[in-house]
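Subject: Structure handover

Dear colleague,

Here is the structure I said I would pass on. My notes on what was found in it follow below.

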Amino acid sequence: VQLVESGGGLVQAGGSLRLSCAASGSFFSINDMGWYRQTPGKQRELVARITTGVPTKYADSVKGRFAISRDNAKNTVYLQMNSLKPEDTAVYYCNVRAEYSVGLYGDYWGQGTQVAVSS
């Protein structure tokens, strides 16, 4: 499974960005899709996660500002980020849990996309 991310960049505080992550390759299905972020010296943290039939999960710090969605036909997950703050600055990683063989699942990561928010 290959993941290609896009949409990162530099934006002023209060601005918006939309991240996209498209999955391709050989797999039967995709269960979970999510976004994580990481800053230097810190652990990677969950930003948002979407799973079919389960309530969407958000980090407390982004609730009300970020929205995750997915297009199953395109095997793509999006992260709409509004009202961005300098503390949102990080490398954002897409994560997908996919069934690559019958009954076998794997976790896959994108290459990361930089989001920088200036004050």
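Two strands are said to pair if DSSP finds at least two bridges between them. In this predicted model, four strands form an open sheet in the order β1-β3-β8-β7, with antiparallel pairing. The edges are taken by β1 (2–6) and β7 (66–71), each with a single partner strand, so one side of each has no neighbour in the sheet. On average, and with direction ignored, neighbouring strands of this sheet are turned by 15° against each other.

Inside that sheet, β3 and strand β8 (residues 76–81) run antiparallel and are joined by six bridges. Arg18 stands opposite Gln80 in β8. Arg18 also lies over the face of Tyr78, at 4.1 Å from the ring centre.

Disulfide

There is one disulfide in the structure. It joins Cys21 to Cys94, with an S to S distance of 2.1 Å. The link of Cys21 and Cys94 is left-handed, with -80° about the S-S bond.

Aromatic pair

The structure also holds one aromatic pair. The ring centres of Tyr36 and Trp109 are 5.1 Å apart and the planes stand at 65°, so the pair counts as edge-to-face, the cut-off for that class being over 60 degrees. Because Tyr36 lies in strand β4 (residues 29–38) and Trp109 in strand β10 (residues 104–109), the pair ties together parts that are 73 residues apart in sequence. Tyr36 counts as buried at 17% relative accessibility, since the limit is under 20%. Trp109, at 40% relative accessibility, counts as partly exposed. Arg44 lies over the face of Trp109, at 4.7 Å from the ring centre.

Strand β5 and its partners

β4 and β5 run antiparallel and are joined by six bridges. The bridge partner of Tyr36 in β5 is Leu46. The two strands β4 and β5 form a hairpin with six residues between them, and Gly41 in the turn has a positive phi of about 80°.

On to the next pairing: three bridges join β5 to strand β6 (residues 54–58), and these two strands run antiparallel. Ala48 stands opposite Tyr58 in β6. β5 and β6 also form a hairpin, with two residues between them; Gly53 in the turn has a positive phi of about 80°.

How many of the seven residues of β5 are buried? Five of them are, so β5 is largely enclosed by the rest of the structure. Glu45 is found in this strand, β5 (residues 45–51), and is partly exposed, with a relative accessible area of 37%. Leaving aside its neighbours within four places in sequence, Glu45 is in contact with Trp35, Tyr36 and Arg37. The C-alpha atoms of Glu45 and Tyr92 are separated by 9.5 Å, with the two residues 47 apart along the chain.

Regards

How values were computed
Residues are numbered from 1 along each chain as its sequence is written. This is a predicted model: local features need pLDDT of at least 70, side-chain atom pairs count only at pLDDT 80 or more; totals for chains, interfaces and linings use all residues. Side-chain values use heavy atoms; hydrogens and water are left out. A disulfide is a pair of cysteine sulfur atoms within 2.5 Å. Axes are lines fitted to C-alpha atoms, for helices over the stretch in contact, and angles run from 0 to 180 degrees between N-to-C directions. Rings of Phe, Tyr and Trp (its six-membered ring) pair if their centres lie within 6.5 Å; planes under 30 degrees apart count as stacked, over 60 as edge-to-face and the rest as tilted. Buried means under 20% relative accessible area, exposed over 50%, partly exposed in between (1.4 Å probe, protein chains only). A charge sits over a ring if NZ of Lys or CZ of Arg is within 6 Å of the ring centre and within 35 degrees of the ring normal. Contact means heavy atoms within 4.5 Å.
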